[in-house]
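Please read it alongside the sequence and the model.

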Amino acid sequence: MQSPLTSPTIEEQAKSTAPNGQVFPLPSEADYAAESERLRSLVAEQRLMGREIVVVMGVGFVGAVMAGVVADTVDQSGSPSKFVIGMQRPSPRSFWKIPTINQGICPVQAEDPEVAPLISRCVLDKKTLIATYSYEALALADVVVVDVQCDYHKKDFGNVRSGHAEIGALEDSLKVIGEYISPDCLVLIETTVPPGTTEYVAYPIIKKAFERRGLVQTSPVKHPKGGHGFTGQADVRDQKSDERSTKDEGRGTVAEQSISSANRFPPTASRSTKHEERRTEAAEPLLAHSFERVMPGRNYVSSIRDFWRVCSGINDQARQRVEKFLSEVLNVQDYPLTVLDRPLESETCKIVENSYRATILAFLNEWSLFSETNGVDLMKVIDAIKVRPTHDNIIFPGPGIGGYCLPKDGGLGVWAYHTLMGFEQDIFKITPQAIDINDTRALRPAQLTRDALRNMGKIVAASKIAVLGASYREDVGDTRYSGSEIVVRKLTEMGGDVVVHDPYVKHWFEFEQQETYPGAGHSRKEFFRNQDGLTDMRMAENLDQALRGADAVVLAVRHQEYQNLDPDTVVTQIGHPAAIIDCFGLLSDEQIKRYFELGCEVKGLGRGHVKRMKDQVKEKAPHTNLCMILGSGSPAMQWYRLRM
Ligand SMILES: NC(=O)c1ccc[n+]([C@@H]2O[C@H](COP(=O)([O-])OP(=O)(O)OC[C@H]3O[C@@H](n4cnc5c(N)ncnc54)[C@H](O)[C@@H]3O)[C@@H](O)[C@H]2O)c1
């Protein structure tokens, strides 16, 4: 994390480049004072309008859209009731998100047509959303929503157990929060965290920061017993609410105290004298947890706003506050909240939920291999099973299970059990194994490409291979831990010349910046040989460019653009018959047959029936050959069909 106390050196770069190429200089020391002034005056105006000030920390895939959902909230009279400040650290990789949001543009791209208008409406029309790099925003907040990342670093390919949770960015964020916030500010952690983080990590960090700042309270406080039972809480918030209803005099005082330093250095005890006078015991942090179930894609916004949420608070007051806040910003009438007793339970809920998903996907890997070697089409088998209401969530695993969540969340749970909680027993069998199976599944498309090329008398090492789809799932531009990355890396290791197309991805940073992305030494490049040249790989500008001259085409992601590619057009674009590898059940039987008729070789994950179809086409070879010579729609071919 960029420390708030240090300015970026020249080596750390002084600019941040957006994916569309726009370059933004990073803020200088002098900019911070002006930014604090801007925040202070905007918040003062918003308070006069009676709006609650919400800071969303981390405006990435989750935070950017969550910030929009909160900023769009209205009260019963239809007036906006929240003012949202998206807070983003000014790192070269992420700073561009701030000016981008302030222009009314969402920093994440998605198919959902609601995303762009939501951000533009809140920033430009309703003026309820801004973004900043200044931690001073925290000092002005009634609620801080934490949406920063919490990574899991894997040391070995296909072995989640040898990795570890990287909670450093989150710990740094919590330290900064503890140094800035008012004690009556609700801190809502939405980040997916190792179970126990809110109670064992966040609570002590913020509590100690409050102690250092001399933040005390007069009402009695029950301290946690045996790591839980966070029931006592001084009623700091209620006093503040009363003050806010009379135009927020008390609140304004806290804000002024924090901002008065007119710089971005953490507040000190001297800035909180009003609290000191009134309180006699260390203030208790108001911590809550509610994980996100967002699905970036076609229903991006509604997967945040119109979806069931689970939440919990570290004590009664935090629980009431989080229930109230979420009930105001989300559609809880149609999707009621589930309130659990402890943050540990809601944290565990998220990890179990995603481990369950990862496990049912991993389970199908062995049946996918079974299908390939026994003439079975797993796609049809799954469709046949799905009709049972008890089994309708069975889904076909693509070329490895990517995205930011499923490849790591089970690992966070196992790590927490051993590390945060200190247990030695080896109780986890299925959870880590599922992740390992999912991580290594992406090697299979490279093997199928090798075999299909071999059947055409070619080898990977002398072939151009077009991979269609870079993201981890259909119709999104999120490439994090995508199966396609491993497909590209493995084929490159085998000597293939790989070209990639994806309608949603203009720059594939996992390759272009593989020395530093997703972190220095954390690229999956480390697991393969012959990867250095991939730094220069650039995305194909269009499908035609990707396909031209390819010896093999890997259909890696079920993007809409690839759903109904016409085999005749594809082969014409390529210029000759090629190996076609279907990783996601994209091809219909008709399309598979047609590719064979056109002289192509077809293979697919879990699609063992292609061999049968190949044999059928071979049996009709005279017809097929004529078709290719005469043209399938030609009068001569029509005459031939009538005679047969
Ligand atoms: N992406 C998903 O589909 C999804 C779904 C459900 C849950 N989640 C969870 O939500 C959390 C966030 O995920 P994401 O996909 O939005 O990650 P992301 O990497 O896109 O966004 C995190 C943002 O936080 C910023 N950040 C980090 N430290 C900061 C700090 N100290 N101050 C301010 N900003 C800081 C980063 O620069 C980045 O922009 C994760 O825990 C993830 O597991 C993600």
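A polar contact is here a pair of N or O atoms within 3.5 Å; within protein, one atom must be able to donate a hydrogen and the other to accept it, and residues adjacent in sequence count only if both atoms belong to side chains. The model is a predicted one, in which local features need pLDDT of at least 70 and side-chain atom pairs count only at pLDDT 80 or more, while totals for chains, interfaces and linings use all residues. Residues are numbered from 1 along each chain as its sequence is written, and side-chain values use heavy atoms, with hydrogens and water left out.

**The ligand site**

The ligand is surrounded by 26 residues, the closest being Val-62, Gln-88, Lys-97, Thr-192 and Arg-480. A residue counts as near if one of its heavy atoms lies within 4 Å of the molecule. The shell consists of 11 nonpolar, 8 polar and 7 charged residues. In this division Ala, Val, Leu, Ile, Met, Phe, Trp, Tyr, Cys and Pro are nonpolar, Asp, Glu, Lys and Arg are charged, and the others, Gly among them, are polar.

| Residue | Protein atom | Ligand atom and distance |
|---|---|---|
| Val-62 | backbone N or O | oxygen, 2.8 Å |
| Gln-88 | side-chain N or O | oxygen, 2.5 Å |
| Arg-89 | polar backbone atom | nitrogen, 3.3 Å |

The protein covers 96% of the 830 Å² of accessible area that the ligand has on its own. Such areas come from the Shrake-Rupley method with a 1.4 Å probe; for residues, only the protein chains shown count as cover.

**Helices**

Helices (H or I, at least four residues) and strands (E, at least two) are DSSP runs, numbered from the N terminus. Helix 12 comprises 14 residues, 316-329, and at 1.5 Å a residue it should span 20 Å, which agrees with the 20 Å between its end C-alpha atoms. The expected span is 1.5 Å times one less than the number of residues. Its buried residues are Gln-317, Ala-318, Arg-321, Val-322, Phe-325, Leu-326 and Val-329. These residues lie on the same side of helix 12, because they cover an arc of only 150 degrees around the axis. The arc is taken from the directions between the helix axis and the C-beta atoms. Buried means under 20% relative accessible area, exposed over 50%, and partly exposed in between (1.4 Å probe, protein chains only).

Ser-173 lies in helix 6 (residues 168-180) and is buried, at 5% relative accessibility. A polar atom of the Ser-173 side chain is 2.7 Å from the backbone oxygen of Ala-169.

**Loops and backbone features**

Most residues other than glycine have a negative phi, and most peptide bonds are trans. Lys-127, although not a glycine, has a positive phi of about 55 degrees. Lys-127 is located in the loop between helix 4 (115-125) and strand 5 (129-132), and is exposed at a relative accessible area of 52%. Asp-475, also not a glycine, has a positive phi of about 60 degrees. Asp-475 sits in the loop between strand 15 (464-468) and helix 18 (483-493), and is buried at 1% relative accessibility.

The peptide bond from Tyr-517 to Pro-518 is cis, with omega near 5 degrees. Pro-518 belongs to the loop between helix 19 (509-512) and helix 20 (543-547).
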